[in-house]
Amino acid sequence: MSAADGAEYTQPTPRLLYVHDDLTDEVARREGAGSPAAALTRDLLALLARDAERVRILTVGEQVERVVAQGDHAPFALALGIGAAGQRVAEALHARAGWFPRIRRIGLTREEDGRGGYRVVSTEPGDVPAQLDGVADQASLAVVDDTVFSGLTMRAVIAALPEAARRRTRAFCLRGVAESIAAVAALCPITAGVAAPGRRLDDVSFINASGLVRRVAIRRAGQPPLAFFDRPEWIRAWFPGVHAEVLAVCARLNALLDGPPSG
């Protein structure tokens with residue numbers, strides 16, 4: 001990766017950074033709880049947690065409980081999980097509360113446009129309307145994602161629904177930025193486990209721990225995806241006190257989980 005790659009996508013040091021730990025359980029299942037990868041994962045999370053005033057580690061369980069605590073719902077006729085992450089959230093909420101007996105994954109993600117902005121792109125052969133075929137006939141709909149940061153993907157799905165279907169729709173997420181959640185709420189009701197106030201990036205940011213080490217976090221048009229550690233300036237901004245150590249652990253963990261980068 002050249003030094004100029006991603007230069008348009010600078011990251012400030014946020015006043016509050018939430019790190020969703022979607023890595024510990026995954027690595028323990030895949031590699032074993034006593035594996036070197038599991039030990040490195042624990043080291044990484046401990047490093048991130050050193051800045052206790054500014055960095056908050058979130059677990060799936062606590063966020064699911066926060067969502068459920070906001071009120072019960074009758075089972076929805078269909079839940080639309082945005083991407084693999086949204087599908088996993090819908091499954092976790094259903095296991096806890098029984099809300100989503102039928103889940104359909106909608107293949108949608110945010111991709112850098114190379115000019116400092118983002119666009120929503122389909123990860124499936126069909127576009128969003130094609131993926132929503134038959135959805136409008138459902139008696140009740142849920143749209144589920146893990147994070148509402150900019151809200152681009154969730155709003156794209158909800159906005160693609162006919163108005164009558166939107167009136168029967170409720171959105172769910174584990175976490176998000178309050179102003180982005182409010183933008184979704186203008187389209188349909190939404191329940192969020194963690195709703196953080198403040199300006200995106202400057203006051204509050206959310207990242208997944210898996211994105212630090214797995215090359216799935218940063219999607220780019222016509223180029224392979226990157227992990228966050230592939231942009232060391234981002235790690236320096238997010239974890240200024242321990243960035244060198246975080247980069248080193250991320251590189252070692254990536255080598256164990258993904259192997260060396262191609263080429």
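The crossing of H3 and H4 is right-handed; a crossing is called right-handed if the near helix is turned clockwise from the far one by less than a right angle, and left-handed if anticlockwise. Helix H3 spans residues 60–68 and helix H4 residues 83–97. The two pack at an angle of about 65°, with their axes 10 Å apart. Axes are lines fitted to C-alpha atoms, for helices over the stretch in contact, and angles run from 0 to 180 degrees between N-to-C directions. Helices (H or I, at least four residues) and strands (E, at least two) are DSSP runs, numbered from the N terminus. On the H3 side, the contact (heavy atoms within 4.5 Å) is made by Val-64, Glu-65, Val-67 and Val-68. H4 contributes Ala-92, Leu-93, Arg-96 and Ala-97. By class, this contact has six nonpolar, no polar and two charged residues. Here Ala, Val, Leu, Ile, Met, Phe, Trp, Tyr, Cys and Pro count as nonpolar, Asp, Glu, Lys and Arg as charged, and the others, Gly among them, as polar.

The model is predicted: local features need pLDDT of at least 70, side-chain atom pairs count only at pLDDT 80 or more, and totals for chains, interfaces and linings use all residues. Residues are numbered from 1 along each chain as its sequence is written, and side-chain values use heavy atoms, with hydrogens and water left out.

An open sheet of five strands has the order E4-E3-E7-E8-E9, with parallel pairing. Two strands pair if DSSP finds at least two bridges between them. Strands E4 (103–106) and E9 (190–196) are the edges, each pairing on one side only. The twist averages 20° from one strand to the next. Within the sheet, E7 (residues 141–148) and E8 (residues 169–177) pair over seven bridges. Thr-147 has Arg-175 of E8 as its bridge partner. Helix H6 (residues 152–159) packs on the sheet and touches E3 (78–82), E4, E7, E8 and E9. The direction of H6 makes about 165° with that of E7.

The largest nonpolar core has 32 residues. Such a core is a set of buried Ala, Val, Leu, Ile, Met, Phe, Trp, Tyr and Cys residues joined through side-chain atoms within 4.5 Å. Buried means under 20% relative accessible area, exposed over 50%, and partly exposed in between (1.4 Å probe, protein chains only). Leu-44, Leu-212, Trp-238, Phe-239 and Val-246 have the most contacts inside this core. Strand E1 (16–20) gives two or more residues to the core, as do helices H2 (36–48), H9 (209–213), H10 (232–238) and H11 (243–257). A second, separate core of 23 residues includes Leu-132, Val-148, Ala-165 and Ala-192.

Phe-239 touches Leu-17, Val-19, Leu-48, Arg-54, Val-55, Ile-207, Leu-212 and Val-246, residues up to four places away in sequence not being counted. Leu-47 is found in helix H2. Leu-47 counts as buried because its relative accessibility is 6%. Beyond its neighbours within four places in sequence, Leu-47 is in contact with Val-242, Glu-245, Val-246 and Val-249.

Strands E11 (residues 218–220) and E12 (residues 223–226) pair in the antiparallel sense over two bridges. Ile-218 stands opposite Leu-226 in E12. The two strands form a hairpin with two residues between them, and Gly-222 in the turn has a positive phi of about 70°. Leu-201 also has a positive phi, of about 75°, although it is not a glycine. Most residues other than glycine have a negative phi. Leu-201 lies in the loop between E9 and strand E10 (204–208). At 28% relative accessibility, Leu-201 counts as partly exposed.
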